Amino acid sequence: MNFQALAKKYDTPLYIYDFDYIKDRYKNLKTAFKARKSLICYALKANSNLSVIKTLAKEGAGADCVSIGEIKRALIAGIDPYKIIFSGVGKSDNEIKEALKLKILMVNVESEAELKRVEEIAKELNNAARISIRVNPNIDAKTHPYISTGLDENKFGVDIEVAKKLYLYAKNSKYLDPIGIHFHIGSQITTLKPFLEASKIIAQLVKNLIALEVDIKFFDIGGGLGIKYEDEKEIDLYEYAQGIFSTLKGLDLTILLEPGRFLVGNSGYFLTKVLYEKKNSSKRFIIVDGAMNDLLRPSLYDAFHKVSVVDEESSHSTLADVVGPICESGDFLAKDRILPKTKKGSLLVIHSVGAYGFSMSSNYNSRPKVAEIAIEDGIDRIIRKRESFEDLIRLEEECL
Ligand SMILES: *Cc1c(COP(=O)(O)O)cnc(C)c1O
């Protein structure tokens, strides 16, 4: 990738995504599951740029959405309503109503209270709402506590006994159509075991439900596949698929997957320019034009992203922190890295930022959101324009 040329053409800071990589990842995952009916519902929250969604839509992907905004993005990008699922622990009445009106595949219900709300709203619309219930299998995904979601102590889903009760309730309701079951145990998971343990537990529950004449058709195994940021080893997709199949023996279900990070994480590069270098006592800082408002993961999760210097001239490398211009000590992109001497204008690449990068960005410190570009078949194109100062103040200006 010619970062120099891209910086020249589009300026920095800049998000760059390799769309060929995204398509390959989708195809690899789909192929691994080809022995069974499956639908890959891309988790939009990882990267909800319309061009990213459209690229996956063209490959046949569905969408896992956590707000009505994401559902609208999925539809605009060309995803069929019957491939869209609506997840999330706190959906508002209006969001539920709109989602039902749009006739999406199903609403992933996360609590008894929500099940009753969905039923009431479906009744108002005089229609049966297709639902699945998110079940918490109480499995430790052994990942960062902020992104682990499958344990009793988390706010997500309901436990097995409650789930059973809710399915029976839903089966007997005129306005609820329980067609799916769902679990999602966390994110950035790099071992197969927790997935298979969870799948086994939920598959057993499905067998019990079928015996009770609850007609489950969709088995939603969530997202959470980990990627390589540093030296992690990715789960083998064939083993993943075969492992899931082995838990579903005797069950004829469509497998739903909700990958986010897996599809887009390593497609992304964040390109940023050095403003200054400085030294405080013993510490070396490389101050760049990108910041925590553009890429929050290092500050929020202490996440590691590889950093490289484009066209490095100096072979003399020492320890440095890469920091942004924001007035927060937490504003860093990398800490304690061995990096060569840089100068004003040197380009740095932050790697593996395709997921939870731009989608988590903000305007903190009145910094306009950066531009996003795609590279596909060797050709670069803009997929989100750089925000201007006028964009930032538009909604306030008219209120003065
Ligand atoms: C965030 C989320 C995903 C995607 O997680 P990844 O780790 O990016 O694959 C999938 N499903 C649900 C319900 C989520 O909340």
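Which residues in α5 meet which residues in α6? In this predicted model, D93, I96, K97 and L100 in α5 meet R117, V118, I121, A122 and E124 in α6, where contact means heavy atoms within 4.5 Å. By class, the contact of α5 with α6 has five nonpolar, no polar and four charged residues; Ala, Val, Leu, Ile, Met, Phe, Trp, Tyr, Cys and Pro count as nonpolar, Asp, Glu, Lys and Arg as charged, and the others, Gly among them, as polar.

The axes of helix α5 (residues 93-101) and helix α6 (residues 112-124) come within 10 Å and cross at roughly 50°. That makes α5 oblique to α6 (under 35 degrees is roughly parallel, over 145 roughly antiparallel, 65 to 115 roughly perpendicular, and the rest oblique). Axes are lines fitted to C-alpha atoms, for helices over the stretch in contact, with angles from 0 to 180 degrees between N-to-C directions. Helices (H or I, at least four residues) and strands (E, at least two) are DSSP runs, numbered from the N terminus.

The domain assignment, automatic or from a database, divides the chain as follows.

| Domain | Residues |
|---|---|
| domain 1 | 3-14 + 266-394 |
| domain 2 | 19-262 |

The C-alpha centres of domain 1 and domain 2 lie 33 Å apart. Their contact takes 23 residues from domain 1 and 21 residues from domain 2.

The mean pLDDT of the chain is 95, and 96% of its residues reach 70 or more; pLDDT is the predictor's confidence in each residue, from 0 to 100.

Residues are numbered from 1 along each chain as its sequence is written, and side-chain values use heavy atoms, leaving out hydrogens and water. In this predicted model, local features need pLDDT of at least 70 and side-chain atom pairs count only at pLDDT 80 or more, whereas totals for chains, interfaces and linings use all residues.
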